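Here is a short report for a reader new to this structure. Please keep the sequence and the 3D view at hand while reading.

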Amino acid sequence: MKIGDRVRVRTSVIVYHHPEHRNQPFDIQGMEGEITAILSDWEGRVISPNYPFQIKFDKKFRTHLGEQELELA
């Protein structure tokens, strides 16, 4: 997967920061978005984050997910 790819959430992922469901559990399984960043370094040092893919679903909602939670759309 690379930046700009369309992806779909293939597993059940509960988030609490969705703009329309703030502070309530919301399952994003099946939602489609675009990879906007892949985190691999921080201030020039290599890192290995648990959730390296930043996904933008719409104008107000972004989240970080792992490769095992995504599939190409």
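A salt bridge, as counted here, is a side-chain nitrogen of Lys or Arg within 4 Å of a carboxyl oxygen of Asp or Glu. The structure holds four of them. The model is a predicted one.

Side chains of opposite charge can pair when their charged atoms come close. Which residue does arginine 6 meet in a salt bridge? The partner is glutamate 32, and the closest N and O atoms are 3.8 Å apart. This pair links distant parts of the chain: arginine 6 sits in strand E1, glutamate 32 in strand E4, and 26 residues separate them. Arginine 6 is partly exposed, because its relative accessibility is 43%. Glutamate 32 has 34%, so glutamate 32 is partly exposed as well.

Arginine 8 also forms a salt bridge with glutamate 32, at 3.1 Å from N to O. Arginine 8 lies in strand E1 and glutamate 32 in strand E4, so this pair ties together parts that are 24 residues apart in sequence. Arginine 8 has a relative accessibility of 26% and counts as partly exposed. A network of salt bridges links Arg6, Arg8, Glu32 and Glu71.

## Aspartate 5 and lysine 2

Aspartate 5 lies in the segment before strand E1, which spans 6-9. Its side chain meets that of lysine 2 in a salt bridge, with 3.1 Å from N to O. The side chain of aspartate 5 also reaches the backbone nitrogen of lysine 2, at 3.0 Å.

Lysine 2 has a relative accessible area of 55%, so lysine 2 is exposed. The cut-offs are under 20% for buried and over 50% for exposed. Setting aside residues up to four places away in sequence, aspartate 5 touches Gly33, Glu34, Ile35 and Leu72.

## Valine 7, a buried residue in E1

Valine 7 belongs to strand E1. Its relative accessibility is 1%, so valine 7 counts as buried. What does valine 7 contact, leaving aside neighbours within four places in sequence? The contacts include Met1, Met31, Glu32 and Gly33. Among them are also Ile35, Ile55, Leu70, Glu71, Leu72 and Ala73.

Glycine 30 is 23 residues from valine 7 in sequence. In space, C-alpha to C-alpha, valine 7 and glycine 30 are 9.5 Å apart.

How do strands E4 and E7 pair? Strand E4 covers residues 32-38 and strand E7 covers residues 53-56; they pair in the antiparallel sense, over four bridges. Isoleucine 35 has isoleucine 55 of E7 as its bridge partner. E7 also runs antiparallel to strand E8, residues 62-65, and four bridges join the two. A hairpin of five residues connects E7 to E8. Phenylalanine 53 has leucine 65 of E8 as its bridge partner. Isoleucine 55 stands opposite threonine 63 in E8.

In a regular strand the side chains alternate between the two faces of the sheet. Which side chains of E8 are buried? Thr63 and Leu65 point to one face and are buried.

## Two loop residues with positive phi

Asparagine 23 is not a glycine, yet it has a positive phi of about 65 degrees. Where is asparagine 23? Asparagine 23 lies in the loop between strand E2 (14-15) and strand E3 (26-27). Its relative accessibility is 65%, so asparagine 23 counts as exposed.

Glutamate 43 is not a glycine either, and its phi is positive at about 50 degrees. Glutamate 43 is in the loop between E5 and strand E6 (45-46). Glutamate 43 has a relative accessible area of 65% and is therefore exposed.

## A nonpolar surface patch

Which residues form a nonpolar patch on the surface? Leu39, Trp42 and Ile47 do, and together they have about 270 Å² of accessible area. Tryptophan 42 lies in strand E5, residues 41-42. Tryptophan 42 counts as partly exposed, because its relative accessibility is 47%.

Definitions and conventions
Residues numbered from 1 in each chain as written. Predicted model: local features only at pLDDT ≥ 70, side-chain atom pairs only at ≥ 80, totals over all residues. Heavy atoms only, no water. Pairing = 2+ DSSP bridges. Patch = residues over 30% accessible without salt bridge, like charges linked within 9 Å, V, L, I, M, F, W, Y side chains within 5 Å. Areas by Shrake-Rupley, 256 points an atom, 1.4 Å probe, with all protein chains shown as cover. Buried < 20%, exposed > 50% of the residue type's maximum accessible area, 1.4 Å probe, protein only. Polar contact = N/O pair within 3.5 Å; in protein donor to acceptor, adjacent residues only side chain to side chain. Contact = heavy atoms within 4.5 Å.
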